[in-house]
Amino acid sequence: MTDDSSRFTSMYDECRQRVWAYVVSRAGRQVADEVVSETFAIAWRRLDDVPEPALPWLLGVARNVLRDNVRAEVRREALNAELQTWAEGDVADQVAERLSVLKALAELSEDDREILILTAWQELSPRAAAHVVGCSPAAFRVRLHRARKRLEQAMETATYSRPRVRNLSEEWS
Amino acid sequence: MNPIDQLRAARPAHLGDTPVDERTRAAELSYAMAQTRPPVRAKRKIARPVWGLSLAGAAAAVTAVAVAVSGAGGMTPRAPSSSQAAPSRTVQPKQVKLSARAVLLAAAHQAARQPDTTGAYWHTVSVRRSLWNVEGADYTVMDRQRTEGWTPAATGRGQEQWRRTQSLGAQPATPEDEAAWKQAGSPTEISVLTHRKPGDTLALPTTPGKAKVSHDALFEGDKVFWLGRNVTMKDLRGLPSEPGKLKAWLLRSYEGHGTESSGSPMSSDAWLFAVTTGLIMEMPATPQVRGAAFRMLADLKSIKVIDNVTDAEGRTGTAVTLDVRSKIRVTDKGDSGILQSRLIFDEATGQALASESVVVKPGGYQADFAPGTMWDSQVVLEAGWTDDKPA
C-alpha cells in the first residue's frame, strides 16, 4: 500500500462515521451514503490539500456536496423522515426529555440546527465549526449563542405541551 | 442543564461512533481511490489553495500546487529583490490596437515555426510570487518560491519525475510596504493571513530557505502531465495540431466545473483557458500544437489581449486575458471577486513568459487588495529539453 492510500484509509476510518452522522443530521439517511461516498472521492482527489485534523475539512466538503446535490426542500423532507425514526427509535427512561429536545431542534432554522449539531453532536471547537460553515470563529460564537437561545426557547415551549411523536413532522414542516 | 448538554444527551444512538459496516467501507474506499488524481498540476490554482496551506508549513504551503522545484546555492539564480522584481504592484497596461485575434494568430504562427527538439528530460524553472497581507499590520509582502522540475521523455521502470523547490523568502511588496516593515522592526519572519479560514495565519521567512528535492515514480507508470485529465508524454506529443480538434480533445475532460473542485462551476472558456495556459507555459507540446493552442485561444469570445505588459521579472510581452470569478468557497454568499487571468507571452516566438492573476474586483481571497494588484504570478525562467540528469 502506498503512503497516500494508507493515509487516506486511516483518515477514512477515523472520520467516516462522523461525516455520515453530520450528513444524516442535515438531510437524513437516504442521501447520506451517497454524499459521504462523494465526499471521500473528493478527499482522495485532493489528498495533498487535506489538512490535519481532516474532520472539519471533510465536513466542509460534505456540506458543499450536500448543498450542490440535494435541494433544500429534499433535505427538509428527508430530515423530517429521519426525525420520525429518531423519535420512535428509543424507549429510554428519558425519552420524554429527549423528544422535547429533538422536537425543539426540529423547529429551528436549518442554519441554527447546523450550528448546534456541529457543536453538540460533532463536538467541534468554535474554530473548527466556523471553518466548516465558512465564517470567523467570532461570528460563529455569536451565531451559536443565538441558536442556543432559540433552542432554549423552543425547549421551554416543547416542555409544556406533551411531546407527540406522530405529529413531529407535521408540526415541523 | 445547559441546552447544549441536553442536546448532546439527546443525540440518537446511531449517530454515535458505531463502526461502518465492512461492505460499505470496502465499496466507498474503492470508489474514492478509483478517482484519478492529477500527478502534476498543469496550472497552478487561480485561487490560492484553500486547504493546502496547512500541509507542511510555509515552504510547502506556497508550493502546494507547484510542479517542481528549485535550485540551491550556486545553481540558483539569485532572486531579484522585490523592488526589481515587481516594480509596481499595480499594472495598468493599455489595450492593444491590433485585434486580439490577429495578435494571437501571429503568435500561433511564430510558435509553430520554432524548432522541435527533444531530450532525456523536459526541464523547467519557474518562480511563483504571491501577495499576502501581514497579520495585525497594514502592509503587504510578496512571497517567492522557486520551482524546478524534470520530467523524463521515457516511461517505464525506474523513470521518475524530479522536483526541487526552494522558498526565496518574502519581501515587502512596495517601498511603502518596506517602510512599514522597517517600522515594525524588520521582522525576519512575517505572519500573514491566509484567508483559508478566518484568523488563519502562516509564517513566512524573509530569507531564502533550503532547497528540497524529491522524486517520484510516474503516476500510473506513465502519466506525467495534467491537461484536464492525466496524460502521458506520448499523449502530449501526439495532441491534435488543428485548433478545433485540439479544443474537442481537451473539452472531453470538461465537466462544467473548475480545474480544482467539482463543486465550483466554470465556463468552458475559462476552463479551456486554464488548461491551455498550463499547456503553453509548462509542457513540451510540439510547435504545431502550441500554434494550435494559440489559435484556439484566438477563437474564444471572452478573451482580451493587452499589449506591452511587464511580467514580474521585468520582461515585456503581450498578455491574453480572461476574467474569472474568485470565491474562497463555492458556497460563499455575497459578491465574489473578479480576477483577470493573464498568460504573458513573447509575440516573436509564442514562448510563454508568465501567467498572472490581477485583481479586477476585490473579493474572495483578494478582498483586501485594490483593483490592478498583481496578486499572484508564475514566471517561466527556463523550459526546454536537457540530457543532463536531474538535481
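1. Helix 8 of chain B and helix 10 of chain B are roughly perpendicular to each other, a label given to angles of 65 to 115 degrees, with under 35 degrees counting as roughly parallel, over 145 as roughly antiparallel and the rest as oblique. Their axes, for residues 243-251 and residues 287-298, cross at roughly 85 degrees and come within 8 Å. Axes are lines fitted to C-alpha atoms over the stretch in contact, and angles run from 0 to 180 degrees between N-to-C directions. Helices (H or I, at least four residues) and strands (E, at least two) are DSSP runs, numbered from the N terminus.

2. Helix 8 of chain B touches helix 10 of chain B through B:Pro243, B:Leu246, B:Lys247 and B:Leu250. On helix 10 of chain B the contact residues are B:Val289, B:Ala292, B:Ala293, B:Arg295 and B:Met296. Contact means heavy atoms within 4.5 Å. The residues of this contact comprise 7 nonpolar, no polar and 2 charged. Here Ala, Val, Leu, Ile, Met, Phe, Trp, Tyr, Cys and Pro count as nonpolar, Asp, Glu, Lys and Arg as charged, and the others, Gly among them, as polar.

3. This is a predicted model, in which local features need pLDDT of at least 70 and side-chain atom pairs pLDDT 80 or more, while totals for chains, interfaces and linings use all residues. Residues are numbered from 1 along each chain as its sequence is written, chains are lettered from A and ligands numbered from 1 in the order in which they are written, and side-chain values use heavy atoms, with hydrogens and water left out.

4. Strand 2 of chain B (residues 140-152) has 13 of its 13 residues buried, so it is largely enclosed by the rest of the structure. Buried means under 20% relative accessible area, exposed over 50%, partly exposed in between (1.4 Å probe, protein chains only). Both faces are covered, with B:Trp150 among the buried residues on one side and B:Val141 among those on the other.

5. Strand 1 (residues 121-133) of chain B runs antiparallel to strand 2 of chain B, joined by 13 bridges. Two strands pair if DSSP finds at least two bridges between them. Strand 3 (residues 160-172) of chain B is also antiparallel to strand 2 of chain B, through 10 bridges. B:Gln145 stands opposite B:Ser167 in strand 3 of chain B.

6. B:His109 belongs to helix 5 (residues 100-113) of chain B and is partly exposed at 43% relative accessibility.
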